[in-house]
Amino acid sequence: MTPAKVALYAQAVFRGVPLPAGWPADFAIITAWNPWGAAVAVAQNERADAALHGGILAAGLTPHRVVGGSVDPTGHQEPGWAVAAVPDQARAWGVAFRQDAVFLVHAGRLRLLACVTGQEIDLGRPFTMLDR
């Protein structure tokens with residue numbers, strides 16, 4: 001993953017309803033929107049999102065809606081799912097849905113996991129979630 005892409009991911013903020021009480025300290029944030037970073041029709045993104053949601057449920061995991069994107073809430077935003085998945089499973093979903101990377105949260109710290117290479121990058125900050 002190029003340093004420029006890592007820098008973009010490092011700027012991401014997360015919005016949504018706060019994580020439920022008792023949510024695990026280690027989890028992944030996965031999206032199915034915009035495969036390989038290419039903008040596609042909303043309907044196509046929604047179908048992919050529904051398929052990812054179904055896959056998470058089929059794995060016996062509980063998804064929690066999280067929207068990741070730019071600091072400006074009117075800028076780029078991608079709905080995704082927080083899920084208590086191990087990194088290998090999160091990466092497999094990322095590959096299946098043609099994502100460049102997925103986010104990992106480990107002990108409250110935000111990390112990036114490149115789907116193609118498996119490279120894991122500490123983004124140097126804690127995970128926080130803003131109100132919608």
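Predicted model: local features only at pLDDT ≥ 70, side-chain atom pairs only at ≥ 80, totals over all residues.
This short talk goes through the salt bridges and the nonpolar cores of the structure shown above.

Residues are numbered from 1 along each chain as its sequence is written, and side-chain values use heavy atoms, with hydrogens and water left out.

Let me start with the charged pairs. A salt bridge here is a side-chain nitrogen of Lys or Arg within 4 Å of a carboxyl oxygen of Asp or Glu, and a search of the whole structure finds four of them. One joins Asp100 to Lys5, with the closest N and O atoms 2.8 Å apart. This pair links distant parts of the chain, since Lys5 sits in helix H1 (residues 3–10) and Asp100 in the loop between helix H3 (87–96) and strand E5 (101–106), 95 residues apart. The helices (H or I, at least four residues) and strands (E, at least two) I name are DSSP runs, numbered from the N terminus.

Are these two partners buried or exposed? I call a residue buried under 20% relative accessible area, exposed over 50%, and partly exposed in between, using a 1.4 Å probe and protein chains only. Asp100 is buried at 17%, and Lys5 is partly exposed at 32%.

The next salt bridge is between the side chains of Asp49 and Arg65, at 2.7 Å from N to O. Because Asp49 lies in helix H2 (residues 42–58) and Arg65 in strand E3 (residues 64–69), the pair ties together parts that are 16 residues apart in sequence. Asp49 is buried at 9% relative accessibility, whereas Arg65 is partly exposed at 29%.

Arg111 and Asp122 also form a salt bridge, with their closest N and O atoms 3.7 Å apart, and Arg111, Glu120 and Asp122 are linked in a network of salt bridges.

Now to the cores, each a set of buried Ala, Val, Leu, Ile, Met, Phe, Trp, Tyr and Cys residues joined through side-chain atoms within 4.5 Å. The largest nonpolar core has 17 residues, of which Phe14, Ile29, Phe103 and Leu112 touch the most other members. H1, strand E2 (27–31), E5, E6 and E7 are the elements that give two or more residues to this core, and E5 gives the most, with three. Apart from this core lies another, of 16 residues, among them Ala32, Ala48, Phe97 and Leu104.
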